[in-house]
Amino acid sequence: MPARKPAFRGSEASRFAPAGPPTDSARTEREGRYNSAKFKFLQQFQVPIVLILGIESSCDETGVALYDTVAGLLAHQLYSQVEMHAAYGGVVPELASRDHIKRILPLLDKVFTDSGHSLLDVDAIAVTQGPGLGGALLVGTSVANALGAALNKPVLGVHHLEGHLLSPLLSTPAPSFPFVALLVSGGHTQLMSVTGIGEYRLLGETLDDAAGEAFDKTASLLGLGYPGGPALATLATKGDDRAFVLPRPMIRSGDLDFSFSGLKTAVLTLTNTLREPAGGISDAHRQNIAAAFETAIVDVLTTKCINAIAQTGVSRLVVAGGVGANQRLRASLDAAANRTGFQVFYPPLNLCTDNGAMIAFAGAMRILANQHNHFFANGAFSVKPRWPLVESA
Ligand code: KG4
Ligand code: ZN
């Protein structure tokens, strides 16, 4: 059955018009690969899987990307709502949903223009199904589902953390399985054992705040805006991390769990003791607190990674999620890797925080691994605001 034409209205139809037949030689090679028995499931859609459209809208970033299973990442576009939420000191869910609605079609448009492909070239659509904000997730999933229905293409729901977890595979060199993954984002801090696509075992996680959340809350105590992680890291470069001694919670707990709320409280107590009569804290103190806080959190993360590597006996560590962009963390893990003899892999710096590329890529990996348990069926779809990664297998 030939693919149906997309049902866009008026001018929207023309902007997704076909860019002409695919001419690249890679296409012939791909068609050979994907017509094989392994991809029988996909053959019901009568298209070889080559080009995946990825959509991310789980929180405050709208991301769209096109990933080609042979040629790699062709295009990706991101719109961050950070400025809009900064005024409120955090993400306002209803504003986030409304903004995703506003951004998503122009981003799709741009990705197709940049890649030279048309919507009709897309073979499957991968979309973040959870976890995240319900309303925000609904925007991406409805667009993906509508496109899938209009184009008669399969739509696959991707776990947001799986996107982060696999994003280092978009780097060169890419890690091979098995590896230990440190997931450090605004909402999660987890150590996972990863033995293959969809094979994720939780080794340890935070008992309270996530690492990114601790960065954001501490940044807020230091008078920095939202999100505070990058701003705190910049402030810390000017400070002396030995000026104050902050706790390293659970560093010697013997397990692979974390706890960061005590560290945040220690910073609160410290800032209160350093407050000047007029109520402020000197720049020198703020810089030193930032450096001491960052070093404390990095020490804990590094120690737990070393322990996870020792416990699992694997020799590769993958770091993913927004906090993975932190330079002090990277330097510390690189030094530990050299000392202890393991390899460490990061996503490309611009793909550490939320983006559509990691969703397109995770979708492609699921498809290549012939795992189709999260495909939307019969035109119906759902979102999973709470969805443990280990249940996504
Ligand atoms: O993965 P992400 O974009 O979103 C979630 O899924 O949560 O991570 C965002 C988090 C925020 O808490 C942000 O402050 C933190 O990552 N972050 C950083 C840095 N860049 C982003 N934290 C420390 N240092 C950074 N350079
Ligand atoms: Zn994320």
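Around ligand 1 sit 19 residues, and those that come nearest are G186, G212, G229, G322 and T353. Keep in mind as you explore that this is a predicted model. Its mean pLDDT is 89, with 88% of the residues at 70 or more.

**The shell around ligand 1**

- Two elements give two or more residues to this shell: α8, which spans 211-221, and α9, which spans 228-236.
- Of the elements, α9 gives the most, with 4 residues.
- Sorted by class, the shell holds 10 polar, 7 nonpolar and 2 charged residues.
- Which domains supply the shell around ligand 1? Domain 1 (10-167 + 353-392) and domain 2 (177-346) each give at least three residues.

**A pair of helices**

- Is the crossing of α11 and α12 left-handed or right-handed? The crossing is right-handed.
- On the α11 side, the contact is made by E294, T295, V298, L301, T302, C305, I306 and I309.
- On the α12 side, R328, L329, S332, L333, A336 and T340 make the contact.
- The contact of α11 with α12 has 8 nonpolar residues, along with 4 polar and 2 charged ones.

**Backbone details to look for**

- As a rule, most peptide bonds are trans, and most residues other than glycine have a negative phi.
- The peptide bond from T172 to P173 is cis, with omega near -5 degrees.
- You will find P173 in the loop that runs between α7 (160-166) and β6 (179-184).
- The bond from Y226 to P227 is cis too, with omega near -10 degrees.
- P227 belongs to the loop between α8 and α9, and these two helices are the elements that give two or more residues to the shell around ligand 1.
- N152 is a residue other than glycine with a positive phi, near 55 degrees.
- To spot N152, look in the loop between α6 (134-151) and β5 (155-159).

**Where to read with care**

- Over residues 1-23, pLDDT stays under 50.
- For this stretch, the model has 26 contacts beyond four places in sequence.
- Where pLDDT is low, the predicted coordinates should not be read in detail.

Terms used:
Residues are numbered from 1 along each chain as its sequence is written. Chains are lettered from A and ligands numbered from 1 in the order in which they are written. This is a predicted model: local features need pLDDT of at least 70, side-chain atom pairs count only at pLDDT 80 or more; totals for chains, interfaces and linings use all residues. A crossing is left-handed if the near helix is turned anticlockwise from the far one by less than a right angle, and right-handed if clockwise. Two residues are in contact if their C-beta atoms, placed from the backbone, lie within 7 Å. Ala, Val, Leu, Ile, Met, Phe, Trp, Tyr, Cys and Pro count as nonpolar, Asp, Glu, Lys and Arg as charged, and the others, Gly among them, as polar. pLDDT is the predictor's confidence in each residue, from 0 to 100. A residue is near a molecule or strand if its C-beta atom, placed from the backbone, lies within 6 Å of it. Domain bounds come from an automatic or database domain assignment.
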